[in-house]
Amino acid sequence: MIYLQRKYPLVRHKLSTIALIGLGVALILYIFQPFGFNHYEGNKWAVALGFGLVTFACNSFFNYAVQKTVTGAVKKWTILYEILSIVCLLCFIAIFNFVYFSVIFTGLSFNRTLLLRVIYYTFILGLIPVIIMVLIEYNVYLNRKLSSLIDIKTEGENRDVTLSNHLIREKDLQIKLDDFLFAEVKKNDVLIYYLCGNEVKTKTLRSTITRIHDELNDPNVFRCHRSFIVNLKKMQSAKGNSNGYQIYLSHYKKSIPVSRKYVDELKQFIY
């Protein structure tokens, strides 16, 4: 269950994308003519476009109104929220397309039992494909983040430090995010711990832990202490209680402290 609580990138589709989805629905209905549509004797293309317009309207309303309201009420958009959001959207579209279907084919004669069946089967049949799609997209997103460049700027002029593809220079440090272990405050500097092969190396930067944490801006880079940030993807275990935890990382023998104010947030990740 904790996997579903991980942060998921929120994407709102452009109107052009939503329009293409609506047009795709219309084309599928017109070409394949399912659900007895082949028996309709009127203008099939016009009716198929109607289904596309209903899909477009529902998707637009859900994307720009419903989802915006929901995301504004939650602190963190997660994998679970994304799955539920897409399934609810499918049910939303199914309901209004059913209403449109009833108007066209039965003249406002609504069958409540059939409507409930439509909602039920849309939810059941849509849930598993949506879960698979979201998890695939999340792993693509995660792999992209782990191989992407991290740009960290130190304080002062001409002191830029870039973390990207494992290239080390006198003033620059370049590593993949997946090689980053943790960072800790050392007096007025920040000490970066990272992997080079299987060896742990360090680099001292003239910066602040808050600034580096903000610039990394990754859901797996966790502020666990006023003096530490840690890459939770490298966490092997965590031990402790409400008074504080200790995080143990791969390739690093010592523990990383977690102060009491960050314990609850850590539990959301590990339990």
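The axes of helices α2 and α3 approach within 9 Å and cross at roughly 145 degrees, axes being lines fitted to C-alpha atoms, for helices over the stretch in contact, with angles running from 0 to 180 degrees between N-to-C directions. Helices here are DSSP runs of H or I with at least four residues, strands are runs of E with at least two, and both are numbered from the N terminus. The model is a predicted one, in which local features need pLDDT of at least 70 and side-chain atom pairs count only at pLDDT 80 or more, while totals for chains, interfaces and linings use all residues. Residues are numbered from 1 along each chain as its sequence is written, and side-chain values use heavy atoms, with hydrogens and water left out.

The crossing of α2 past α3 is right-handed; the term applies when the near helix is turned clockwise from the far one by less than a right angle, and left-handed when it is turned anticlockwise. Residues of α2 that make the contact (heavy atoms within 4.5 Å) include A46, F51, V54, F61 and F62, and among those of α3 are L89, F92, I93, F96 and F101. By class, this contact holds 16 nonpolar, six polar and no charged residues. In this count Ala, Val, Leu, Ile, Met, Phe, Trp, Tyr, Cys and Pro are nonpolar, Asp, Glu, Lys and Arg are charged, and the others, Gly among them, are polar.

Helix α2 also packs against α1, at an angle of about 150 degrees and with the axes 8 Å apart. Here, too, the crossing is right-handed.

The helices lead on to the pockets. A pocket is found on a 1 Å grid over the protein atoms alone, as an open set of points where a 1.4 Å probe fits, with protein on both sides within 12 Å along at least five of seven lines; lining residues have an atom within 4 Å of a point. Grid points are joined across faces, edges and corners, and the volume is the space filled by probe spheres set on the points. The largest pocket has a volume of about 1300 Å³. Its lining consists of 38 residues, with L90, I93, A94, N97 and T122 nearest the centre. Helices α1 (15-32), α2 (44-73), α3 (79-106) and α4 (112-146) are the elements that give two or more residues to this lining, and α3 contributes the most, with 11 residues. The lining of the largest pocket comprises 26 nonpolar, nine polar and three charged residues.

The second largest pocket holds about 590 Å³ of space. It is lined by 23 residues, and K7, K76, P219, F222 and E265 are the closest to its centre. At least two lining residues come from each of α5 (209-216), β8 (221-225) and α6 (263-270), with α6 supplying the largest share, four residues. The lining of the second largest pocket has nine nonpolar, six polar and eight charged residues.

Turning to the sheets, strands count as paired if DSSP finds at least two bridges between them. Five strands form an open sheet in the order β7-β6-β5-β9-β8, with antiparallel pairing. Strands β7 (199-205) and β8 are at the edges, each with a single partner strand, so one side of each has no neighbour in the sheet. Neighbouring strands are turned against each other by 20 degrees on average, direction ignored. Strands β5 (180-186) and β6 (189-196) pair over six bridges, with K186 opposite D189. Seven antiparallel bridges link β6 and β7, and C196 has E199 as its bridge partner in β7. The hairpin of β6 and β7 has two residues between the strands, and G197 takes a positive phi near 70 degrees there. Helix α5 lies across β5, β6, β7, β8 and β9 (228-231), running at about 155 degrees to β8.

Another open sheet has three strands in the order β10-β11-β12, paired in the antiparallel sense. Its edge strands, β10 (235-241) and β12 (255-258), each pair on one side only. The twist from one strand to the next averages 25 degrees. Strand β11 (244-249) is joined to β12 by four bridges, and Q246 has P257 as its bridge partner.
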